Amino acid sequence: MDRIAREADVAMRNAESYAVWHEAASVLDQREGLDEWMEQDASEDYDWRLLRSRLRQLQQLRAEGDIPALVHYLRQGLHWNIGNIGNPVLYAHARTGTKNLIDQYLQTISEALEWLADTSFPDFPHAKKLKFFRDVTRSFGQSGLLLSGGATLGLFHVGVVKAIYLEGLLPRVLSGSSAGSVVAAAVSTRNEDETLALLDPENSYYRFWRALRPADMLRFGSVMDPTQMRRAIAANVPDLTFEQAFEASGRSLNITVSPAGSNQSPRLLNHLTFPYLCIREAVAASCSVPLIFPPVMLMTRDARGARVPFMPALKWNDGSLKSDLPILRLRRLHNVNHFVVSQTNPHVIPFMSRAEGGPRAGRLAGLRKLAMGTLLQQSRSVVDIARSGLPDGALRKPLDVAASMLDQNYRGNVTIMPQNSLWRFMRVTANPRIDDVRRFILEGERATWPRMAQLRNQLMISQTLERCLSTLEAPEAQRRPLTRKPRTLRLVRQQAAE
């Protein structure tokens, strides 16, 4: 590594903004010849011939102005992972992007969709246009951001959300379990300006932990004070129902909770399944790790708007115990087929590899992944054997919870996670100082920046469809010409100031 490359490497590792990181990473990619790799179409990791052929056909139809043929071609050939372009290995070579052919294809699709939505055509009237975009939006699907549990480590999620949000890439569907439910709820109950202010460490409250006296531990059946946890939740999350939050932010908030008793299944709470439930109690329930916090009764708004208990005989606790990432339910309810996961569970991170393959992953990462996978499988076998020898009851219940946690899938199409370190694990159940908060958030940002090109490409078409459909569904007097969405919200504010 020459001097310029070394300086770029140091700048990239110490960057405190995406712009600085990207500039340094671009220098490193150039010094290592990876810009040439991006320029070459051919690769065994995706069907480049199919993509090249479709790109040429799209360009030809657009140039000829053949609207019926273009609409027909897009309608049955628009899929987010066509030709395996979502393969994470394609983003494990260069730091700043992938094959230029993929970028050009996605850009061409987005421009064609905006052109169709924004231009009047005699043979493509508004009614047909609206049906086309509704059908394509449904068939294409959308992305969701899933925030795992992790106690204080969940502050990492704030950095992930901040990095994605500043680039204008935050999905409309957010899911949170345990600590992740706090971040998801805080973001999904605010408009854009309020969300931006929330991401400043000075504007949130992070003191969730306060140990109870021994006598109170026996009374509550927990180690930590639930009143302090509720106070922290109230400081970060407005007192809204799921329906009210959706109307205020336009985002679908999803929170998982696990039953404290038997004969109940985990629930995914959102504006479709439980519109009148109060979010604060849902977050408190999702954060209530057994023995750490007592289970929580959910609250709802009745027909007159009064707060009343929801199924008062039932109580709920930590959502990550049985449904940390509710992928199947999100598929069914929200048509999500692309999952971005921020994973901070302390019992999961040691078993997971951050590498997605590619030449920079190295053999050591592959061996570590194999070893951890073997250890995880052995742990499952041990728990299953122990469970088989016990009758239903108090002795078996902890093993059932352990089995549920071991059987879950903790990855998404894109998985962002922190590095293992003693510093992080020592702070799992500690109130962080403001310096710790800033460090957690910056680590979340830095872990997200290398995935930004992948996120941008995989969200580009769905976000374009969303903008087009939103414009077409508006009353005619309120429709405005579509313009290319600026690359970052930071640029929007900069342009407004000028």
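**Two helices side by side**

Helices α9 and α14 run roughly antiparallel to each other, because their axes cross at roughly 155°, and an angle over 145 counts as roughly antiparallel. The two axes come within 7 Å. This is a predicted model, so a look at confidence is included below.

**The α9–α14 contact**
- On the α9 side (residues 179-188), the contact is made by Ala-179, Ser-181, Val-182 and Ala-185.
- Helix α14 contributes Ile-279, Val-283, Ser-286 and Cys-287.
- Sorted by class, the contact has six nonpolar and two polar residues, and no charged ones.

- Helix α14 spans residues 279-287, and eight of its nine residues are buried, so the helix is largely enclosed by the rest of the structure.
- Among the buried residues are Ala-282, Ala-284 and Ala-285, as well as Ile-279 and Val-283, which also take part in the contact with α9.

- Glu-281 lies in helix α14 and is buried, with a relative accessible area of 9%.
- What does the side chain of Glu-281 pair with? It makes a polar contact of 2.4 Å with the side chain of Arg-307.
- Beyond residues up to four places away in sequence, Glu-281 touches Arg-230, Val-296, Met-297, Leu-298, Met-299 and Arg-307.
- Asp-239 is 42 residues from Glu-281 in sequence, and their C-alpha atoms are 9.4 Å apart.

**Thr-344, in a loop**
- Thr-344 sits in the loop that links β8 (336-342) and α17 (362-388).
- Is Thr-344 buried or exposed? Its relative accessibility is 0%, so Thr-344 counts as buried.
- The side chains of Thr-344 and His-157 make a polar contact at 3.3 Å.
- Setting aside neighbours within four places in sequence, the contacts of Thr-344 include Ser-148, Gly-149, Gly-150, Leu-153 and Phe-156, and also Ile-349 and Pro-418.

**The chain as a whole**
- The chain has 22 helices and nine strands.
- Of its 498 residues, 50% are buried.
- Among contacts between residues at least 6 apart in sequence, 75% join residues at least 24 apart.

**Confidence**
- The average pLDDT of the chain is 87, and 84% of the residues score at least 70.
- Over residues 484-498 the pLDDT stays under 50; the model has 24 contacts beyond four places in sequence for this stretch.

Technical notes
Residues are numbered from 1 along each chain as its sequence is written. This is a predicted model: local features need pLDDT of at least 70, side-chain atom pairs count only at pLDDT 80 or more; totals for chains, interfaces and linings use all residues. Side-chain values use heavy atoms; hydrogens and water are left out. pLDDT is the predictor's confidence in each residue, from 0 to 100. Contact means heavy atoms within 4.5 Å. Buried means under 20% relative accessible area, exposed over 50%, partly exposed in between (1.4 Å probe, protein chains only). Helices (H or I, at least four residues) and strands (E, at least two) are DSSP runs, numbered from the N terminus. Axes are lines fitted to C-alpha atoms, for helices over the stretch in contact, and angles run from 0 to 180 degrees between N-to-C directions. Angles under 35 degrees count as roughly parallel, over 145 as roughly antiparallel, 65 to 115 as roughly perpendicular and the rest as oblique. Ala, Val, Leu, Ile, Met, Phe, Trp, Tyr, Cys and Pro count as nonpolar, Asp, Glu, Lys and Arg as charged, and the others, Gly among them, as polar. A polar contact is a pair of N or O atoms within 3.5 Å; within protein, one must be able to donate a hydrogen and the other to accept it, and residues adjacent in sequence count only if both atoms are side-chain atoms.
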